[in-house]
Amino acid sequence: MTPLVNFIRVTIDILRKDLMLEWRSREQVGGMLVFALLAILMFNFALELESSWTAGIVAGVLWVTLVFAGTIGLNQSMAAEKVNGCFDGLLLAPVDRSAIFFGKALGNTLSMWVVAGFLMPLLAVLYPVNILHGGIVLIIVLGTLGYSMAGTLLAAMTIQTRARDALLPILLFPLALPVLLAAVRSTGMLLSGFPLTDARFWVDMLTAFDVIFAVLGWMLFDYVVEE
Amino acid sequence: MRKQPLRLTLLDAASVMLLAAALVIVFFFTPLEETMGAVQKVFYMHISAAWVGMLGFLAAAVFGGIYLKKREPRWDLMSETGVEIGLVFTLVGIVSGSIWAKPVWNTWWTWDPRLTTSAVMVLIYLAYQMLRRGLDDPGRRARYSAVYALAGFVTVPLTFFSIRLFRTIHPVVVGGSSGMFAMDKPMLAAFFLCLAAFTVLFVDLFWHRYMLGRQIDTLETLEAGSNGGS
């Protein structure tokens, strides 16, 4: 078996393990969904969105909710590994450790997709915007992927600190700012009726971020989990 | 306590003299800028401080990378030193920029790419310090810090370009063709002197902080030894 096929197989195995765990406990996505619902509720009253919404604001609400919910998921996904020394068990397996990184990152991306799949129809019902749009799906796929990869790398570190959960957003948000900017801006443009080609710069920015964090995770995850 | 090396004392003297010379030249020998007046003189210190800030963060990323390869604690100490100096000088750059911006742009702050990027850098490296403080094991602390210093530095250009799509009002000093900052000869000379003075100061501070770090390490080792012995 070639190393690449093996790498992909390990990645899928890790992903499948996380999905099975989630399917049986429903802890991670459940928490994220309830949080997202509460965030929409609070945004609605804090910003008085019924009367003063615009495409840009709806895009902002969508992404800030998604990003915060994502942080909750990232923390939980790493905390689950820490219980009973699960992560040590994973590290004992004779596999490429960056495959573990990609497996966990994909799992976190999928849970963010579930939240996005829940938020989009909800926002479409609440505000008369055309949010169920192929271009927006593409932006969500790219944005959540980059965010999850950056977050998975950092969560593997913050889970070992004394502050634990509290430190992840502090480390992650300043690094992930380009993702948030690009995602909010391009989503806002599509919601205002511009075609996807006009948001080309932002889609490129998201892709660049995804590539950078795939490479960083691939290169640096080994140093984070070694011991 | 270790004696300070002679070369470091000479460097101390050189940075003090260069800074003094730069101040004298900036205040007494550069012409007043035509439209901005005296406040333009902040610019010499502002650029120099921002430059040293970037230098500190670059050093942090480079030494962090070297640490991951070599695993010698001194590279970790150098990386930490770079972050500390970078943070202080980036803050000096932000504050001096605000002082310049108030009369010239009529606001203390705008969300311009350079301003926002430097604010984000401050947040990244504050997070770096919180990460360090949250970890007790020295080996793990060094590894995680190096990883974060690298990841943080890599995203800075992306942040800059993503904000840049909104049009900037920050003057382009290097490589800009607009007449806004066409500096005449005394201005240019003062600018480069300032830059040189701050760079020497950077090396000097870096060295001092490094020595301090070594002493802290020695102290901690001694304390651990005496606790273990009693």
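Analyst: In α7(A), the residues that meet α9(A) are Leu138, Ile139, Leu142, Gly143, Leu145, Gly146, Tyr147, Met149, Ala150, Leu153, Ala156 and Met157 of chain A. Their partners in α9(A) include A:Val203, A:Leu206, A:Phe209, A:Phe213, A:Gly217, A:Phe221 and A:Val224. Contact here means heavy atoms within 4.5 Å. This is a predicted model, in which local features need pLDDT of at least 70 and side-chain atom pairs pLDDT 80 or more, while totals for chains, interfaces and linings use all residues. Residues are numbered from 1 along each chain as its sequence is written, chains are lettered from A and ligands numbered from 1 in the order written, and side-chain values use heavy atoms, leaving out hydrogens and water.

Helices are DSSP runs of H or I with at least four residues, numbered from the N terminus. By that count α7(A) covers residues 134–158 and α9(A) residues 200–225, and their axes come within 9 Å and cross at roughly 25 degrees. The two are therefore roughly parallel, a term for angles under 35 degrees. Axes are lines fitted to C-alpha atoms over the stretch in contact, with angles from 0 to 180 degrees between N-to-C directions. The crossing of α7(A) and α9(A) is left-handed: the near helix is turned anticlockwise from the far one by less than a right angle, whereas clockwise would be right-handed.

A second pair in chain A is α2(A) (residues 28–46) with α6(A) (residues 97–126), whose axes come within 10 Å and cross at roughly 30 degrees. That angle makes α2(A) roughly parallel to α6(A), but the crossing is right-handed. Among the α2(A) residues in this contact are A:Met32, A:Leu33, A:Ala36, A:Leu37 and A:Ile40, and among those of α6(A) are A:Val115, A:Phe118, A:Leu119 and A:Leu122. An α-helix has 3.6 residues a turn, so residues three or four places apart point the same way.

One residue of α1(A) (residues 3–25), A:Asn6, has its C-alpha 8.7 Å from that of A:Val95, 89 residues apart along the chain. A:Asn6 is partly exposed, because its relative accessible area is 34%; that class lies between buried, under 20%, and exposed, over 50% (1.4 Å probe, protein chains only).

Note on methods:
Parallel < 35°, antiparallel > 145°, perpendicular 65-115°, else oblique.
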